[in-house]
Amino acid sequence: MESTTWRWQLADGTASNDWDAWSRRLHAIAARRGLDLLRLGRIDGDPLLLIAPGPGSAARPRRLIASGFHGEEPAGPWGVLAFLENVSDELLGACALTLLPLVNVSGFRAGRRLNAYGENPNRGYLPGAEAASQEGLLLMEHAGLLTEAARDGLLSCHEDVLLEHCYLYANEHGEQPGAWAARLLATNAEFFPIHPDGEVDGCTVRGGIVFNHADTSFESWLFERGASHTACVETPGQADFMQRVAAQAAMMRAFLMG
Ligand code: NI
């Protein structure tokens, strides 16, 4: 499965792994909305980009949206574009929002889960069996910035290519998932059926949520570093691609509501 190439089509015929087209749209929307597009660094020439919060947002809740860790999960990065193109100024300005629109550029272009080195960009942030990826090392160089950016929440946007159901991982300090997690799940469920109770990816899923699962992922890392709550949302790769893009954008809007 790791070597499988996954590709879908957008409504206008663009291939889901067309990084040039994705990049052009990102730069266009950033220019139009006056977003501060920064480059954290490069991996073999590919930029790892970050959109910084707007000026004057320092006193607002600090939230981070991260997308595109896995190359066969392209609805997240395309969802970021749909979100930025359609979100109201009011909602966008309600918090100090930082975005990592596409972490694993080489995987995205190849339509493959792992990066060009065969590394998993969503593992190795904490001590464990898997070493950090090139992308992970670069993100960890910016640990202070990312920790501060996710202080009031992290949304990490993923897909599960083999499934027809949606679900999410939620981490927070509490006995059960809070209203924010229920809102994200309800938003996902406007588009797809919820995963039945049982097991998903080796974790217990109940009511569509894997609760307080710890691993060496980016989201576990930032939760351990003090993020108030983190979610890793999963849209189903077997569903229609544009529905998945729309669901990802809708969950980004829901995430900004708190
Ligand atoms: Ni993933």
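Select β3. Arg62, Leu64 and Ala66 point one way from this strand, while Arg63, Ile65 and Ser67 point the other way. All of these residues are buried. In a regular strand, side chains alternate between the two faces of the sheet. Keep in mind throughout that this is a predicted model.

**Stop 1: the neighbours of β3**

Stay on β3 and look at how well it is covered. Six of its six residues are buried. Find arginine 62: it stands opposite alanine 96 in β4. Next, show β5. Four bridges link β3 with β5, again in parallel. Which residue of β5 is the bridge partner of leucine 64? Select leucine 154 to see that partner.

**Stop 2: the nickel ion**

Select the nickel ion and the protein atoms around it. Which protein atoms are its donors? They are His70 (ND1), Glu73 (OE), Glu73 (OE) and His158 (ND1). These donors lie 2.1 to 2.3 Å from the ion. Look at the angles next. The four donor atoms subtend angles of 57 to 145 degrees around the nickel ion, so the arrangement is irregular. For four donors to count as tetrahedral, all angles would have to lie between 85 and 135 degrees.

Along the sequence, the donor residues follow the spacing H-x2-E-x84-H. Histidine 70 sits in the loop between β3 (62-67) and α2 (75-86), and histidine 158 sits in strand β5 (residues 154-160), so the pair ties together parts that are 88 residues apart in sequence. Both histidine 70 and histidine 158 are buried.

**Stop 3: the nonpolar cores**

Turn to the largest nonpolar core. It holds 47 residues. Select Ile65, Trp78, Phe83, Leu155 and Leu184, which touch the most other members. Which helix gives the most to this core? Show helix α9, residues 241-256: it contributes eight residues. In soluble globular proteins, nonpolar side chains tend to be buried together.

Zoom in on phenylalanine 83. Not counting residues up to four places away in sequence, phenylalanine 83 touches Ile65, Leu92, Leu97, Ala249, Met252, Arg253 and Leu256. Another core, of 23 residues, lies apart from the largest one. Its members include Ala52, Leu139, Ala150 and Phe218.

**Stop 4: serine 106**

Select serine 106 in helix α4 (residues 105-110). Is serine 106 buried or exposed? At 16% relative accessibility, serine 106 counts as buried, because the cut-off for buried is under 20%. Leave aside neighbours within four places in sequence, and serine 106 is in contact with Asp46, Asn115, Ala116 and Glu135. Its side chain also makes a polar contact with the side chain of asparagine 104, at 3.5 Å.

**Stop 5: two aspartates in loops**

Select aspartate 44, in the loop between β1 (36-43) and β2 (46-52). It has a positive phi of about 50 degrees, although it is not a glycine. Most residues other than glycine have a negative phi. With 59% relative accessibility, aspartate 44 counts as exposed.

Finish at aspartate 201, in the loop between β7 (198-200) and β8 (203-205). Aspartate 201 is not a glycine, yet it has a positive phi of about 50 degrees. At 61% relative accessibility, aspartate 201 counts as exposed.

Notes. Residues numbered from 1 in each chain as written. Predicted model: local features only at pLDDT ≥ 70, side-chain atom pairs only at ≥ 80, totals over all residues. Heavy atoms only, no water. Donors = N, O, S within 2.8 Å, 3.2 Å for Na, K, Ca; no water. Tetrahedral: all angles 85-135°; square planar, octahedral: opposite > 155°, others 65-115°. Buried < 20%, exposed > 50% of the residue type's maximum accessible area, 1.4 Å probe, protein only. Contact = heavy atoms within 4.5 Å. Polar contact = N/O pair within 3.5 Å; in protein donor to acceptor, adjacent residues only side chain to side chain. Pairing = 2+ DSSP bridges. Core = buried A, V, L, I, M, F, W, Y, C linked by side-chain atoms within 4.5 Å.
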